[in-house]
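I opened this notebook to record what I looked up in one model. The sequence and structure are placed below for reference.

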Amino acid sequence: SSHAHVRFTRDGQPSHGDAEAGTDHGPSPVHAAVRRKGCIQAPRGFVDGGWTDGRNTCRTMVSQLLEHERIKTTLPKAKELRRLADRMVSLGKKGTLHSRRQAERVVRGKQVMEKLFGEMAERYKERQGGYVRVLHAGRRNSDSAPMAFIEFVDRPGEFRPARPPRAMLKSFASSALPVQVDQTSQ
């Protein structure tokens with residue numbers, strides 16, 4: 001290519017090293033992390049095509065998961081997607097303007113945003129996390145990659161029913177009949 005990428009030294013200054021001579025060692029990992037601060041982190045399972053490609057793939061998959069509520073993907077991508085999808089539902093539950101703007105940085109599409117801040121927020125108002133689950137689905141035939149379904153819990157048509165939220169478990173426990181202790185056997 002005719003133009004060179006700008007490299008930075010550890011102190012943040014542009015590097016004047018020569019890549020062909022081997023004196024240009026590129027940016028330090030610490031400085032690269034500082035430059036990415038404030039962006040969506042490049043997920044580990046998505047980094048095959050580079051940092052921005054992985055981030056865009058992750059954004060698309062979160063949007064598709066919110067829209068369809070179940071998708072099939074590779075296991076490493078599903079595990080990374082679970083973290084981001086849980087965070088998006090938490091933002092939807094907050095419902096503030098700030099949380100809406102944070103979610104817009106990740107989620108694509110107006111209908112998906114409306115679903116996140118309407119239907120999904122209402123569905124998970126009692127649940128305090130664990131909105132998404134990963135179910136192993138064997139291996140892909142072509143390259144034997146581990147596959148998984150990632151789906152939202154507490155939705156119609158889920159593969160297996162979810163455990164009730166902890167808030168509901170506590171209310172069931174407190175509303176249960178008290179246990180009678182037989183004191184005559186003591």
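**Conventions.** I worked with a predicted model, in which local features need pLDDT of at least 70 and side-chain atom pairs count only at pLDDT 80 or more, while totals for chains, interfaces and linings use all residues. I number residues from 1 along each chain as its sequence is written, and side-chain values use heavy atoms, with hydrogens and water left out.

**Entry 1, glutamate 69.** I located glutamate 69 in the loop between helix 2 (51–68) and strand 1 (70–74). Helices (H or I, at least four residues) and strands (E, at least two) are DSSP runs, numbered from the N terminus. Is glutamate 69 buried or exposed? I noted it as buried because its relative accessibility is 8%; buried means under 20% relative accessible area, exposed over 50%, and partly exposed in between (1.4 Å probe, protein chains only). I then listed its contacts (heavy atoms within 4.5 Å). Leaving aside residues up to four places away in sequence, the partners of glutamate 69 include Lys115, Glu119, Arg123, Glu151 and Arg155. Its phi is near 70 degrees, a positive value in a residue other than glycine. Most residues other than glycine have a negative phi.

I read helix 5 as residues 110–123, 14 residues in number. Its first and last C-alpha atoms lie 19 Å apart, close to the 20 Å expected at 1.5 Å a residue; the expected span is 1.5 Å times one less than the number of residues. I found a bend of about 35 degrees at leucine 116, taken as the angle between axes fitted to the seven residues ending there and the seven starting there. Among the buried residues of this helix are Lys115, Leu116 and Met120.

I found serine 144 in the loop between strand 2 (132–139) and strand 3 (146–152). Its phi is also positive, about 60 degrees, although serine 144 is not a glycine. Serine 144 is partly exposed, at 38% relative accessibility.

I recorded ten salt bridges in the structure, each a side-chain nitrogen of Lys or Arg within 4 Å of a carboxyl oxygen of Asp or Glu. Arginine 70 pairs with glutamate 151, with closest N and O atoms 3.1 Å apart. This pair links strand 1 to strand 3, 81 residues apart. Arginine 155 also bridges to glutamate 151, at 3.2 Å, and both residues are buried. Salt bridges with shared partners join Glu69, Lys115, Glu119 and Arg123 into one network.
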